[in-house]
Amino acid sequence: MSSILEVNNLVKKYDDFLAVKGVSFTIEEGEIFSLLGPNGAGKTTTISMLSTLFKPTAGDATIGGHSITQDPMLVRKLIGVVPQEIALYEDLTAHENLVFWGQMYGLSGKSLSKRVDEVLEQIDLADRAKNRVKTFSGGMKRRVNIGVGLLHKPRLLFMDEPTVGIDPQSRRAILDSVKLLNKQGMTVLYTTHYMEEAEELSDRVGIIDHGEMIALGTQKELTKQVGEMETLILHIDESEDLEKLALALRNVPGVLTADVSEHAVTVIVPGAEEALAPVVSQTNELGIKVRSIDIHEPNLEAVFLHLTGRALRN
Amino acid sequence: MKKLFIIGLKDLKIVFRDKPALIMMLLAPFLLTLGLGLVSGRLSSGSSSGINNIPVILVNQDEGQLGQALVDLFTSDQLAELVTPELLSDPQAARQQVDDDISTAMVLIPAGFTESVIPTDPQNPGPTLKIDIYFNPTRPTSAGVIKTIVDEFISRVEVGRVSGEVAITQLIQNGLIQPQEAMQIAQEIGIGSAESAGTSDAIILKTSTNDGSPMEFDVLAYMAPGMALMFLLFTVSNGGRSLLTERAQGTLPRILVSPTTSSQILGGKIFGIFLTGTVQMLILIVASTVFFQLSWGDPLAVLVLVLASVIGAVGWGLLLTAIARTPGQISAVGTALMLIFGIMGGSFVSRDMLPGWLKTLSLVTPNAWGLDGFQTLALGGTLRNIMTPILGLLVMGIVLFGISSYLFNRNGIAKG
């Protein structure tokens, strides 16, 4: 496999704020590469530079051999972009939107109408093609938003958190469509802060935090960094003092880290079976009621916790 | 170039699907024109102009021929339908009648006016005297008519005076008359000028088209373009707003990551605003022609003036867009600009009613140039007669485009 994207020490600075601090990675032709990181980690800024929207402060990247700083127009022909926000004309119909965006990518005539029809089928909106986008549900808008990025059959598709704010059904449809596109030969750079999405989709994952690439590799390679650690997730009522519990659990023998996430405390331990009893005992001592406990084998969440000391969704 | 048209046509389509924008672009100017037409009587009296029997008081303190010529003009048969003059000798009483809304204006011809224009002793000319017009501010349109009559009279007198001077100088230089005969001849020329100026044929309010058919002043020919030009500024600021809206909603960045240059995007947006403004003006012109039987004049000249007006207005829309940071800022400033330019540029009251400095300042507005041109065309003018307003509007558009381009280049169109 050859590299379609090579990123070299990419930096973006806004006044005194360093949003991206020298990120480097490559993406091979035909793979799905996920950039995983919490909100504000620098994922969107990285994609904005790679898609030539913003010029990097330093560093460069090549896509299909063309520099993003030297040959932005050549780069733009090779890439498709699905932005995080829905970037469509609400007063135009789905069909009119696709036609307009197809024209922006140089399509015209019969090839344009054929491609628009294909994409409408692909996003399962052929029957709503003549309806204005403003009459669509959030999930339908997301599908059109993705469809626009596919019109010109790009070699590399950037998808910036495409599942934010949508219902589980639409989310599932989007994840399936990403896998299908990849099967058809499209290379995908997918950004997300959902660990499960990165795990399900990616051939390789880059974990980004505070503008730095803190880990990079296949899921197996990354979880190896945590060793044989397992994760206990204690689901607690909202009313309980989660911080107090996390603090207490960090002092329990065998517990490596304990952090608060949404209505839960995530605990990383070398062996779940051995650690379970003292963790539950400590929780009872504090008078905190546990609703349920999940036990997870090493995953990307654990990797992020291990590397940053924070939960991914904090 | 193709993308430029695609972006422009897309914007046109979006604007014409936006109901609130359509109300402001088309319905509001149409209804305001309708309302002003009803108020002025143009749409209810059946009169062609809607303005007739304007009460005006003449106070003639001049004992010379020019004062009498102006009185004769106002009392002539040709202006009998348009004005109802009353002769008074007391300026205070006349002024009071205007203040009491009994009369539209008082025209005061000062003592010695003729002598100041045609001095009996050219070696010792007296001070220059001016005709004083005291307006009733509640009747701006009618007052504008009176002022136009007086202005035209003075203009005729001035032309006669200058041409008389030239003629006498030539006669002396060629030895056809002796210098001592010059005074007598000057007096004769002056009297001839006064008589000529005092004929209502000179008054532009009743004029003829090129083919000699009569064309009468129609008050709607002033109001309709006034409203259309004022709401054109709404359209261009709304168009500029769409660029910032696209920036905020993410469609502009999305176009920027397609193989489309910034110049194509900006050109497309400008083309869209230009196209929308032109379509808006043409719809209003056709609607007022159909519903109000309004004659705008030579169709080709009207089209050229519409295009020039839109270019001038688009310049302001672009400048607003280049300076503003949010769509809300453009809406607020754009509305203020629309009203200020409407007032300054003569969309509500004739610019002739403005103080001198404000009248000069009003030339920064597309309304002033555009209205000047549309009035000329409505009164039978041709393309040749409106070259100055067209040039003024084009220069305005080009200068403002230059400034806006500099600002866009400096800031980048993707950034706020």
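Mentor: Buried residues make up 45% of the 416 residues in chain B. The model is a predicted one, and what follows should be read with that in mind. Chain B contains 15 helices and six strands. Among its contacts with a separation of 6 or more, 79% are between residues 24 or more positions apart.

Consider the sheet of chain B. Four strands form an open sheet in the order β2-β1-β3-β4 (chain B), and their pairing is mixed. Its edges are β2 (83-87) and β4 (132-135) of chain B, each of which pairs on one side only. On average, neighbouring strands of this sheet are turned by 20° against each other, with direction ignored. At one end of the order, strand β3 (residues 105-109) of chain B and β4(B) run antiparallel and are joined by four bridges. Within that pair, B:Val107 has B:Ile133 of β4(B) as its bridge partner.

Two helices lie across this sheet. Helix α3 (residues 65-74) of chain B lies across β1 (54-60), β2 and β3 of chain B, at about 165° to β1(B). Helix α4 (residues 91-99) of chain B lies across β1, β3 and β4 of chain B, and its direction makes about 160° with β3(B).

Two packed helices are described by the angle between their axes and the distance between the axes. Helix α14 (residues 366-378) of chain B and helix α15 (residues 387-411) of chain B cross at roughly 155°, and their axes come within 8 Å. Because angles over 145 degrees count as roughly antiparallel, α14(B) is roughly antiparallel to α15(B). From α14(B), the contact is made by B:Pro366, B:Trp369, B:Gly370, B:Asp372 and B:Gly373, and from α15(B) by B:Pro389, B:Ile390, B:Gly392, B:Leu393 and B:Met396. Sorted by class, these are six nonpolar, three polar and one charged residues. The crossing of α14(B) and α15(B) is left-handed.

Helix α15(B) also packs with helix α11 (residues 299-323) of chain B, at an angle of about 25° and with the axes 8 Å apart. Since angles under 35 degrees count as roughly parallel, α11(B) and α15(B) are roughly parallel to each other. Their crossing is left-handed. In the contact of α11(B) with α15(B) there are 20 nonpolar residues, five polar residues and no charged ones.

Chain B also touches chain A, and 18 residues from chain B and 18 residues from chain A take part in the contact. On the side of chain B, the elements giving two or more residues are α1 (2-15) and α9 (251-256) of chain B. Of these, α9(B) gives the most, with five residues. By class, the side of chain B that touches chain A holds eight nonpolar, five polar and five charged residues.

The partner chain has a sheet of its own. In chain A, four strands in the order β2-β1-β4-β5 form an open sheet with antiparallel pairing. At its edges stand β2 (17-28) and β5 (66-67) of chain A; each has a single partner strand, so one side of each is left without a neighbour in the sheet.

The pairs of this sheet can be taken in order. β1(A) and β2(A) run antiparallel and are joined by nine bridges, including the one that pairs A:Glu6 with A:Thr26 of β2(A). The hairpin of these two strands has two residues between them, and A:Asp15 takes a positive phi near 50° there. β1(A) and β4(A) are antiparallel too, with five bridges, and A:Leu5 stands opposite A:Ile63 of β4(A). Strand β4 (residues 58-63) of chain A pairs with β5(A) in the antiparallel sense over two bridges, where A:Thr62 has A:Ser67 as its bridge partner.

One residue may close the account. A:Val11 lies in strand β1 (residues 3-14) of chain A. It counts as partly exposed because it has 16 C-beta neighbours inside 10 Å. Apart from neighbours within four places in sequence, A:Val11 is in contact with A:Val20, A:Lys21, A:Gly22, A:Pro56, A:Thr57, A:Ala58 and A:Gly59. A:Thr45 is 34 residues from A:Val11 along the chain, and their C-alpha atoms are separated by 9.7 Å.

Methods: Residues are numbered from 1 along each chain as its sequence is written. Chains are lettered from A and ligands numbered from 1 in the order in which they are written. This is a predicted model: local features need pLDDT of at least 70, side-chain atom pairs count only at pLDDT 80 or more; totals for chains, interfaces and linings use all residues. A residue is buried if 20 or more other C-beta atoms lie within 10 Å of its own, exposed if 12 or fewer, and partly exposed in between; C-beta atoms are placed from the backbone. Two residues are in contact if their C-beta atoms, placed from the backbone, lie within 7 Å. Two strands pair if DSSP finds at least two bridges between them. Axes are lines fitted to C-alpha atoms, for helices over the stretch in contact, and angles run from 0 to 180 degrees between N-to-C directions. Angles under 35 degrees count as roughly parallel, over 145 as roughly antiparallel, 65 to 115 as roughly perpendicular and the rest as oblique. A crossing is left-handed if the near helix is turned anticlockwise from the far one by less than a right angle, and right-handed if clockwise. Ala, Val, Leu, Ile, Met, Phe, Trp, Tyr, Cys and Pro count as nonpolar, Asp, Glu, Lys and Arg as charged, and the others, Gly among them, as polar.
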